[in-house]
Amino acid sequence: MSEDLVKIDNAVIPFRIEGAAVRGEIVRLNSAIDDVLKNHNYPKPIAKLVAKAVVLTSLLGSSIKFKGRLIIQTQTNGPLNMLVVDYHTDGNYKNAGKFRASARFDDDKVNALDELSDANLLGAGQMIITIDQGENMQDYQGIVALDNIDLEAAAELYFGKSAQMLTQVRLAANINADSQQWTAGGLMVQSVAAEGGTNTSLNEIELKEIQLSDWENARALMKTIKDFELTDPKNDAQNLLFQLFHEKGVRCYQPQELEAFCQCSDARIEDMLSQFGQEERVEMAQNNPNKPGFIHVDCDFCGKQYEFTAEYFEQ
Ligand SMILES: [Zn+2]
């Protein structure tokens, strides 16, 4: 444990349990997740699930070592029928990873639920994870079937399928009752090959046994984590790691900062509207109940509002 610890907010920190075949990442989001959620007027259960999806996307996206994007999208038949989180990185851990999120849901269906679990909010469908690897590379896409499971279980299935890696994920989000500010956090551990340390005489079977036993220990510790510990602003991410894995010790690597962002602009909205026919645009402007004559567009991600007249496109 190093002594020059600084409190790290809005960041993901990769780590390794000392002398064990387990690696991981921890994420803590304070103002960055609040920035995303305050732009949307989501009911609390929806906001909470969106926050957890942002944490998961950050856990996955931060391992991208090139300029690219990672997108998690769910398409399901539950009250929250679509959720998109978009993570951008320039591949340099010194620069912040950036994310934005958007959700579509049915308020009445949310209110009708007896139990507001992730699984019930999502329902059945699929989660699609896309990695955009830049211009000259093909996108990677992984699909996980969602059938009454939560995001943690979906992430574990994804890693099992795509990387054949034993993975365990914890995600949590919380709104402070007084300040009404959101915080979110997550922890992921993965089983990696055992190296045997100084004991080079170990054979393959013995190394496998070590790997498995390290993994079982890490899993048992993961089970002890309470949701509030993952989001507690008074106990930062590194401290939580040291508390959890103090027996063996934990080595933290360079953290990567995380921040909320959006890509929308006048030019992008104009481009989107130019895809419609002029008649459709005239109709959109006429049917605007709040300001007839103007086409009104809200950005699904940041909530910024745009207005155009149909005549604007008449050239
Ligand atoms: Zn926007």
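The following dialogue explains how to read several features of a predicted model.

Q: What helices and strands does the protein have, and how far does its C-alpha trace span along the principal axes?

A: The protein has ten helices and 13 strands. Its C-alpha trace spans about 80 × 45 × 40 Å along the principal axes. Buried residues account for 36% of the 315 residues. Of the contacts between residues at least 6 apart in sequence, 66% join residues at least 24 apart.

Q: Where do nonpolar side chains tend to be in soluble globular proteins, and which residues touch the most other members of the largest nonpolar core here?

A: In soluble globular proteins, nonpolar side chains tend to be buried together. In this model, the largest nonpolar core has 73 residues, and those touching the most other members are Val50, Ala51, Ala53, Val54, Leu56 and Ala101. Helix α2 (residues 44-61) gives the most to this core, with eleven residues.

Q: Why do the buried residues of helix α8 line one face of the helix?

A: An α-helix has 3.6 residues a turn, so residues three or four places apart point the same way. In helix α8 (residues 237-244), the buried residues are Ala237, Gln238, Leu241 and Leu244. Seen down the axis of α8, these buried residues fall within an arc of 130 degrees, so they line one face of the helix. The elements covering the buried residues of α8 include β1 (11-17), β2 (22-29), α6 (204-223) and β10 (250-252).

Q: Is Asp34 buried or exposed?

A: A residue counts as buried if 20 or more other C-beta atoms lie within 10 Å of its own. Asp34 has 21 other C-beta atoms within 10 Å and is therefore buried. Asp34 is in helix α1 (residues 31-38). Not counting residues up to four places away in sequence, Asp34 touches Gln181 and Trp182. Asp34 and Ala51 are 17 residues apart in sequence, and their C-alpha atoms are 8.9 Å apart in space.

Q: In what sense do strands β3 and β4 run, and how many bridges join them?

A: In a regular strand the side chains alternate between the two faces of the sheet. Here, strand β3 (residues 68-76) and β4 run antiparallel and are joined by eight bridges. The two form a hairpin with three residues between them, and Ile72 stands opposite Val85 in β4. On β4 there is a further pairing, antiparallel over eight bridges, with strand β5 (residues 97-105). In this pairing, Val84 has Ser102 of β5 as its bridge partner. Seven of the ten residues of strand β4 (residues 80-89) are buried, so β4 is largely enclosed by the rest of the structure.

Q: How many residues lie between β12 and β13 in their hairpin?

A: Six residues lie between β12 and β13, and Gly303 in the turn has a positive phi of about 80 degrees. Strand β12 (residues 295-298) pairs with strand β13 (residues 305-308) in the antiparallel sense over four bridges. The bridge partner of His296 in β13 is Glu307.

How values were computed:
Residues numbered from 1 in each chain as written. Predicted model: local features only at pLDDT ≥ 70, side-chain atom pairs only at ≥ 80, totals over all residues. Buried ≥ 20, exposed ≤ 12 C-beta atoms within 10 Å, placed from the backbone. Arc of directions from axis to C-beta. Contact = placed C-beta atoms within 7 Å. Pairing = 2+ DSSP bridges. Core = buried A, V, L, I, M, F, W, Y, C linked by C-beta atoms within 7 Å.
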